[in-house]
Amino acid sequence: MSRAKILIVTSRWDATAYVAAEVLRRSGRESAFFYPDDIPQRAQLDAVFKQGKWSNVLHTEDGLIDLDKIKAVWWRKPLASRPPDDLSRIEFLYSRRENSYALNGLWGLLAGNPDVYWMSDPQNIRKADNKMLQMARATAHGLTAPNTIITNNPEDVRGFYDRCSEKMVFKSMTGVLLPPDDIEVSTPSEVLPGIPLVRPFTGGDMDQVDSVRQSACMFQELVEKKHELRVTVFEDQVFTCQIDSQKNDLTRYDWRRQDFRPHATTGQLPDYIESACLAMLEEFGLHFGAFDFIVTPEGEHIFLEVNPNGQWVFIQEWVPELRLMQGFVDVMTRNS
C-alpha cells in the first residue's frame, strides 16, 4: 500500500503535476496519483462504512492508496469516469453517473476532514471559475475590470460595439477544448473549430453577428496594453511575471499561444493589487490562483480573470528566478 501523504487527482496528460511531484519527491514528500477516468476499467474503489466511520481505499495500477493516510490533496485536471465503450448509451451514462457520485462522496469526506489540506477544494474551484462572479468580486475588492456584455442578442452586440467605438473583443468563456467529460460518450478531447480564446471583433464579424443567437457570448471593450501580468499565488506567496505581449503581433491580443513564446521577465505588482488578489482567494476558499492583468500605457492595472486551477510551471520555465516551484513545494510540505 502506498505510504504517500499527498494525493494528486488529475489526468494523464497533466505535465505540470508530474514535474511538481518529482520536485516534491526530492524534497522528501511522496505523492500518489489518482486518475478518476480510470474508474471503473483501470481502477477500483472500496468504501466501507463500519461502526459509524468510513474507511476508503483506491486500487490503482500503481498500487493501493489508503485515503485515511492522506494529509494533503492537490486537485488538478481530472476527467470523469470512463465506463467501457461497449455499454449502451444509457448504461454508459448511468455507470458514469454512479461512479461520479461515489467519487464525489470520497472527496467530500476528505474535504470535511480538518486534518486534510486541499489545493484547492473542487467545489470552491468550480464556484470561482465563473468569470461573471470573478469580475463582480474583483471590483468589490477595488480592482478595475473592462466593460463587458454576455448575450445571445445580436442587437445588444451591435449596441455595445458602437459604444466601444468599434474597439471590442470576443472572448471564449470556457475555452475551445471539449474534454471527454463534456461529451456524452467516451471520446478523445476535441477542439472546437474556428472558436478563438480572444480576438478583436471586426466589421466582417458584425456582418455575421446574427450567429450569436446560437449561444451566449462574451464581449469586452478592447483595452490598450503596455504589457500584461501573470500573477501566481500559493497561499500568501505571490509571484508576478511581466509578459511583453505587445512586442509581437502573434501575442498582441492573446499571449496563450502554443506556437510562440513571448518575452517574459519578473514583474512588479502594486501593494493594493496584491492585497486584492489575496482577499479574492480567501473569499473563494482557494489556496491557489493564477491572475491575469493588463497594464495600460498609462500604467493602470485592468483585471481580466483568475484561473483557480491554472497552469504555472511554464512561468517557472520562462522566468526561473521567480522560483514558483519552491513556493509550491513549501506550501505542500508544511501542510502534509
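Predicted model: local features only at pLDDT ≥ 70, side-chain atom pairs only at ≥ 80, totals over all residues.
**View 1. A parallel sheet of four strands.**
Start with the open sheet whose strands come in the order E2-E1-E6-E7, with parallel pairing. At its edges you'll find strand E2 (31-34) and strand E7 (117-119), and each of these pairs on one side only. Neighbouring strands in this sheet are turned by 20° against each other on average, with direction ignored. Now zoom in on strand E1 (residues 6-9) and strand E6 (residues 72-75): they run parallel and are joined by four bridges.

Two helices to pick out here are H1 and H2. Helix H1 (residues 15-26) lies across E1, E2 and E6, and its direction is at about 160° to E2. Helix H2 (residues 89-111) lies across E1, E2, E6 and E7, running at about 120° to E7. Look for a pair of rings as well: Tyr-18 and Phe-33 form a tilted aromatic pair, with 5.1 Å from centre to centre and 35° between the planes. Why call it tilted? Planes under 30 degrees apart would count as stacked and those over 60 as edge-to-face, so a pair in between goes down as tilted. This pair links distant parts of the chain, since Tyr-18 sits in helix H1 and Phe-33 in strand E2, 15 residues apart. For the whole model, the count comes to 20 aromatic pairs.

**View 2. Helix H1 meets helix H9.**
Here's H1 again, this time with helix H9 (residues 324-334). Their axes come within 10 Å and cross at roughly 65°. The crossing of H1 past H9 is right-handed. On the H1 side, the residues that meet H9 are Val-19, Ala-20, Val-23 and Leu-24. Facing them from H9 are Met-325, Phe-328, Val-329, Met-332 and Thr-333. Sort the residues of this contact by type and you get eight nonpolar, one polar and no charged.

Follow strand E9 (residues 168-171) and you'll see three bridges pairing it with E12 in the antiparallel sense.

**View 3. Helix H4 crosses helix H7.**
Last up are helix H4 (residues 131-140) and helix H7 (residues 271-284), whose axes come within 10 Å and cross at roughly 125°. H4 and H7 are therefore oblique to each other. H4 passes H7 in a right-handed crossing. From H4, the contact is made by Leu-133, Gln-134, Arg-137 and Ala-138. H7 brings Met-280, Glu-283 and Phe-284. What kinds of residues make up the contact of H4 with H7? They divide into four nonpolar, one polar and two charged.

How values were computed. Residues numbered from 1 in each chain as written. Heavy atoms only, no water. Axes fitted to C-alpha atoms, helices over the stretch in contact; angles between N-to-C directions. Parallel < 35°, antiparallel > 145°, perpendicular 65-115°, else oblique. Left-handed = near helix turned anticlockwise from the far one by under 90°. Contact = heavy atoms within 4.5 Å. Nonpolar A, V, L, I, M, F, W, Y, C, P; charged D, E, K, R; others polar. Pairing = 2+ DSSP bridges. Phe/Tyr/Trp six-rings, centres within 6.5 Å; stacked < 30°, edge-to-face > 60°.
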